[in-house]
Amino acid sequence: LEILVTVLNENDNSPVFAQPNITRDVPEDTKVDTAIVAREELSATDADLDTIYYELTTTVQDTDGYFAIRGVNNPEIYLQKTLDYDKFNSTTLLLYARDRPVTSPEPSNNATATITITIQQSDTRAPWFLPCTRIHNDASVCISSPYSGRVNISEMSTEPLLLEPGPIYAIDPDYTISDRIVYSIVGGNTDNVFSVDADTGNLTMNKIVTSPDSFLLQVMAAQVSNIRKYSVATVEIKVINKSNFPPYFEKGVYNGTVFAGLPRRSFVYQAGDPSTPLVITAMDQDFPDV
């Protein structure tokens, strides 16, 4: 008697990842659709020779949507959205492998691989002049105010000029790179009156100013290793007459009278003369006709 026996394959094996733990360093300026982890590194095997179905999730809040797989049967991980180092600099992905579709009523065997992604900050931002104000909805932008200063006409200053709201100073906002900044005057320096120190940003005079016209300088801050990354700030230098005398009050003591029950912003009157408002005046010998 000849008996034919057919052995049916039971689904008793789970998928297996060759590398269940993978790490990747990803530059911040990586282009969208770039492959981050190749299919060959992520493909799982199954001793039952079943078709493998993949699913990718993230375990870090607010990092959803940046990475994805090519398809349910293709586990290659690619960049799906532009990275921003200021938003997050690392995330952890979980790649699930199943021997049945997610919607299958049959039970499935599963395996999990962990992919750790570290974002490396790239040189993406031009220098910022300080102080500056960050824009809430765009952390990569910081708006600075113009600088301003004064020089005396027909007088040579040998010290760095004092400016408002502070000295000329710029930084590389890609702070993990922190490239060195160099300064130069690129406009408004009529007759080469001023110089800027390339390393410190200090503004000094080369010669005296004989005209009362103000200067509107354009100072450029550029990164040493990448001169295409630069910013330009405006520096207004007003030319004024030198002040030799401090202002002084015409009187040492002023006496006034107020009446009870008056509303706010009512006049204070001179003591002894309730019909004349009290006026406090000062004089300056530099301006005798004012």
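Which cysteine does a disulfide join to Cys132? Cys142 is the partner, with an S to S distance of 1.9 Å. The legends below start from that link.

This is a predicted model, in which local features need pLDDT of at least 70, side-chain atom pairs count only at pLDDT 80 or more, and totals for chains, interfaces and linings use all residues. Residues are numbered from 1 along each chain as its sequence is written, and side-chain values use heavy atoms, with hydrogens and water left out.

**Figure 1. The disulfide of Cys132 and Cys142.** A search of the whole structure finds 1 disulfide (a pair of cysteine sulfur atoms within 2.5 Å). The angle about the S-S bond is 95°, and the link is right-handed. Cys132 lies in strand 11 (residues 132-135) and Cys142 in strand 12 (residues 138-144), so the pair ties together parts that are 10 residues apart in sequence. Strands (E, at least two residues) and helices (H or I, at least four) are DSSP runs, numbered from the N terminus. Cys132 is partly exposed, at 23% relative accessibility. Cys142 is buried, at 12%. Buried means under 20% relative accessible area, exposed over 50%, and partly exposed in between (1.4 Å probe, protein chains only).

Figure 2. Pro131 lies in the loop between strand 10 (128-129) and strand 11. Pro165 sits in the loop between strand 14 and strand 15. Most residues other than glycine have a negative phi, and most peptide bonds are trans.

**Figure 3. Positive phi at Asp62 and Ser178.** Phi of Asp62 is near 70°. Asp62 is in the loop between strand 5 (53-58) and strand 6 (67-71). This residue is exposed, at 65% relative accessibility. Phi of Ser178 is near 45°. Ser178 belongs to the loop between strand 15 and strand 16.

**Figure 4. The edge-to-face pair of Tyr85 and Tyr175.** The structure holds 6 aromatic pairs. Rings of Phe, Tyr and Trp (its six-membered ring) pair if their centres lie within 6.5 Å; planes under 30 degrees apart count as stacked, over 60 as edge-to-face and the rest as tilted. The ring centres of Tyr85 and Tyr175 are 6.0 Å apart and the planes are at 65°, so the pair is edge-to-face. Tyr85 lies in the loop between strand 7 (74-79) and strand 8 (90-98), and Tyr175 in the loop between strand 15 (170-171) and strand 16 (181-187), so the pair ties together parts that are 90 residues apart in sequence. Tyr85 is buried, with a relative accessible area of 12%.

**Figure 5. The edge-to-face pair of Phe194 and Phe215.** Here the ring centres are 5.0 Å apart and the planes are at 85°, so Phe194 and Phe215 are edge-to-face. Phe194 lies in strand 17 (residues 194-196) and Phe215 in strand 19 (residues 215-223), so the pair ties together parts that are 21 residues apart in sequence. Phe194 is buried, at 1% relative accessibility. Phe215 is buried too, at 8%.

**Figure 6. Charges over rings, and an aromatic cluster.** The charged end of Arg70 sits over the ring of Tyr78, 4.2 Å from its centre. The charged end of Lys81 sits over the ring of Tyr66, 4.3 Å from its centre. A charge sits over a ring if NZ of Lys or CZ of Arg is within 6 Å of the ring centre and within 35 degrees of the ring normal. Elsewhere, Phe259, Phe267 and Tyr269 form one aromatic cluster.

Figure 7. Two strands pair if DSSP finds at least two bridges between them. Strand 13 (residues 147-152) pairs with strand 14 in the antiparallel sense over 2 bridges. Gly149 stands opposite Leu163 in strand 14. With strand 20 (residues 230-240), strand 13 pairs in the parallel sense over 6 bridges. Asn152 has Ile240 of strand 20 as its bridge partner. Tyr147, Gly149 and Val151 make up the covered face of strand 13, while Ser148, Arg150 and Asn152 make up the uncovered one.
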